[in-house]
Amino acid sequence: MNGYTMVVLVKQVPDTQNITGEAMKEDGTVNRGALPAIFNPEDLNALETALQVKEKHGGTVTVITMGPPAAVGVLKEALYRGADSVFLLSDRRFAGSDTLATSFALKQAIITKVPDFDIVFCGRQAIDGDTAQVGPQTAEKLGIAQITYVEEIRSLEKGSIKVRKLIDDGSEIVEAPLPVLLTVTDTANEPRPFMAKRLLKYRKAATVLGLEPLLDRYPQFNEKNQLEEYLRGRGLLIDVWSADDVKAAPENVGFAGSPTMVKKIESISLTGKGFKEIEPTDAGIRHFVAELIEDHTL
Ligand SMILES: Cc1cc2nc3c(=O)[nH]c(=O)nc-3n(C[C@H](O)[C@H](O)[C@H](O)COP(=O)(O)OP(=O)(O)OC[C@H]3O[C@@H](n4cnc5c(N)ncnc54)[C@H](O)[C@@H]3O)c2cc1C
């Protein structure tokens, strides 16, 4: 066997860990324009796990993201870190997808484009939607085993995988047959940085959806299709898959395929009530701990 065929599902998310005053709109929804877009943190751990499997056992790492044209940013970062191939799943018909429709589209992409996969890696959770549903729902739709909260791959042989996964009060060793879907936690590893050689090679990579603004940088080309051919010839054109390309029926994606209804969005402001200010001194902390022991919190 020539190693493992691996797929990593990654998401571009607004950086909700660095919230500024403008991060929320008046209606309580996220102001995506005001927050920098980043690689979902645990998806970096998923990618790192896949790259380590490739280094140890051989194989290929394919990265897929579903998102708007700007999501090409995370795909380029995946190339800088060592992914073999990357794909953008993007179509207006995907807009409004909830987790059910998202996992349907991702499942279609996997079975139509990488049908011989052995392992699908996901992050445990995305920092914007925060549901942790897409991984398990994708496994369910693929009809394969899933192991969530993976921290370490213990062994990989004879069509089976053994991993250590996090549980509430420790960890558990779990074995599953391949193909399998794993969701990976941020405690699994330290994601590798960009590799300088790959950064130089792929920094000009683009999709057909992002060529227009690049034309200024290539005065030798007047037309988008000339630039497209130029990038393709150098292995720098990232393929975009539409709903038709992955055979995703319109009734299963976007608003049509999303049974989730957002009933109400509320902005919750924490008030000072119920808070207690502690003096930042040893005596202040001692006093506070004594109070917590007294009321049985500790
Ligand atoms: C009614 C409704 C409408 C929505 N409309 C939109 C919309 O128009 N545009 C929009 O961007 N979002 C929309 N969303 C949000 C969207 O459903 C979720 O962001 C998406 O399904 C992922 O869920 P999550 O963020 O909870 O990811 P989680 O389930 O927490 O993610 C777990 C893991 O799944 C993988 N994953 C998740 N999402 C993707 C992805 N897109 N591509 C590849 N891998 C992925 C990653 O590995 C990630 O770490 C909508 C949600 C609802 C409820």
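Which polar side-chain atom lies 2.9 Å from an oxygen atom of the ligand? That atom belongs to T102.

## About the model

What you're looking at is a predicted model, where local features need pLDDT of at least 70, side-chain atom pairs count only at pLDDT 80 or more, and totals for chains, interfaces and linings use all residues. Residues are numbered from 1 along each chain as its sequence is written, and side-chain values use heavy atoms, with hydrogens and water left out.

## Around the ligand

A backbone N or O atom of G96 sits 2.7 Å from an oxygen atom of the ligand, and one from M66 lies 2.9 Å from a nitrogen atom of the ligand. On its own, the ligand exposes 940 Å², and the protein buries 79% of that (accessible areas come from the Shrake-Rupley method with a 1.4 Å probe; for residues, only the protein chains shown count as cover).

In total, 29 residues surround the ligand (each has a heavy atom within 4 Å of it). The closest are L9, K11, D43, S97 and T131. The shell splits into 10 nonpolar, 13 polar and 6 charged residues (Ala, Val, Leu, Ile, Met, Phe, Trp, Tyr, Cys and Pro count as nonpolar, Asp, Glu, Lys and Arg as charged, and the others, Gly among them, as polar).

L298 is found in the segment after α7 (282-294) (helices are DSSP runs of H or I, at least four residues, numbered from the N terminus). L298 is exposed, with a relative accessible area of 60% (exposed means over 50%).

Technical notes
Polar contact = N/O pair within 3.5 Å; in protein donor to acceptor, adjacent residues only side chain to side chain. Helix = DSSP H or I, 4+ residues; strand = E, 2+ residues; numbered from the N terminus. Buried < 20%, exposed > 50% of the residue type's maximum accessible area, 1.4 Å probe, protein only.
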